[in-house]
Amino acid sequence: VAYAPPHVHEVSPPSGATKNPGLITVRGQNFGHNQPTVSINGQACVVNAQGTYHSELTCRVADGEGKGHVVTVTAGGQSSPTDEDEKTFSYNPPVITTFAPVTAPTSGLNASGFPVIFSIHGSGFGRASNNMISVKFKTSTETPTREFTIDHSAMLTHSDSLIEFNL
């Protein structure tokens, strides 16, 4: 006897925080009677125990970042197909609430001769283990404009809510 593979029709909510994103509800068909597995971008979404799973389940999303990650349900050795109608989960984009200092010496050193530490506070900066993160700056009052990027290796601190580096 062959069974139809799982198919995901809806993911709710379709987005969440990068840290502690919470639970999502996955609706569809052919999830099976035994507990299926769910993954988002290859990371496990831990399925809550319940009586039956055939058309709906809830799972706890792992911390992450990015958008448009495919939600895959696997039941009975079969996984939901990836096609043009695949359902996705996205992590909320970064939000900067404050940064300091607003101005600093062009030397990057304070009056005591030590590097000025630049701090960015907010949310959605991703996992500390993400070594692909970078901060891009662009001048707004200079002509021509200038841009520079601080990559992960130059950061002193990186968490979901704080990034610090020497100017």
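**View 1. A salt bridge between Arg146 and Glu142.** In this predicted model, the side chains of Arg146 and Glu142 meet in a salt bridge, with a distance of 2.9 Å from N to O.

View 2. Because Glu147 lies in strand E13 (residues 147–151) and Lys136 lies in strand E12, the pair ties together parts that are 11 residues apart in sequence. Glu147 counts as partly exposed, at 46% relative accessibility, while Lys136, at 59%, counts as exposed.

View 3. The side chains of Arg27 and Glu10 form a salt bridge, with 3.6 Å between N and O. Arg27 belongs to strand E3 (residues 23–29) and Glu10 to strand E1, so this pair ties together parts of the chain that are 17 residues apart in sequence. Both residues are partly exposed, Arg27 with a relative accessible area of 29% and Glu10 with a relative accessibility of 36%.

**View 4. The disulfide between Cys45 and Cys59.** A disulfide is a covalent bond between the sulfur atoms of two cysteines. The count for this structure comes to 1 disulfide, and it joins Cys45 to Cys59 with 2.1 Å from S to S. The pair links distant parts of the chain, as Cys45 lies in strand E5 (residues 43–47) and Cys59 in strand E6 (residues 56–60), 14 residues apart. The link is right-handed, with 85° about the S-S bond, and both cysteines are buried.

**View 5. Ala49 in the loop between E5 and E6.** Ala49 lies in the loop between strands E5 and E6, and at 71% relative accessibility this residue counts as exposed. Ala49 and Asn34 are 15 residues apart in sequence, and their C-alpha atoms are 9.7 Å apart in space.

**View 6. A nonpolar surface patch around Phe99.** Ile96, Phe99 and Val102 make a nonpolar surface patch of about 330 Å². Within this group, Phe99 has its place in strand E10 (residues 95–100) and is partly exposed, with a relative accessible area of 45%.

**View 7. The largest pocket and its lining.** The largest pocket has a volume of about 560 Å³ and is lined by 19 residues, of which Val102, Phe118, Phe137, Phe148 and Leu167 lie nearest its centre. Strands E10, E11 (117–123) and E12 (134–138) each supply at least two residues of this lining.

View 8. Rolling a probe the size of a water molecule over the atoms shows where empty space is left. The structure holds 1 cavity of 30 Å³ or more, and about 50 Å³ of space lies in the largest cavity. Strand E1 (7–12) and strand E7 (69–75) are the elements that give two or more residues to its lining. The residues lining the largest cavity include His7, Val8, Val70, Val71 and Ser80.

Definitions and conventions: Residues are numbered from 1 along each chain as its sequence is written. This is a predicted model: local features need pLDDT of at least 70, side-chain atom pairs count only at pLDDT 80 or more; totals for chains, interfaces and linings use all residues. Side-chain values use heavy atoms; hydrogens and water are left out. Patches are made of residues with over 30% relative accessible area and no salt bridge: like charges are joined within 9 Å, nonpolar side chains (Val, Leu, Ile, Met, Phe, Trp, Tyr) within 5 Å. Accessible areas come from the Shrake-Rupley method with a 1.4 Å probe; for residues, only the protein chains shown count as cover. A salt bridge is a side-chain nitrogen of Lys or Arg within 4 Å of a carboxyl oxygen of Asp or Glu. Helices (H or I, at least four residues) and strands (E, at least two) are DSSP runs, numbered from the N terminus. Buried means under 20% relative accessible area, exposed over 50%, partly exposed in between (1.4 Å probe, protein chains only). A disulfide is a pair of cysteine sulfur atoms within 2.5 Å. On a 1 Å grid over the protein atoms alone, a cavity is a set of points where a 1.4 Å probe fits but cannot get out, and a pocket is an open set with protein on both sides within 12 Å along at least five of seven lines; lining residues have an atom within 4 Å of a point. Grid points are joined across faces, edges and corners, and a volume is the space filled by probe spheres set on the points.
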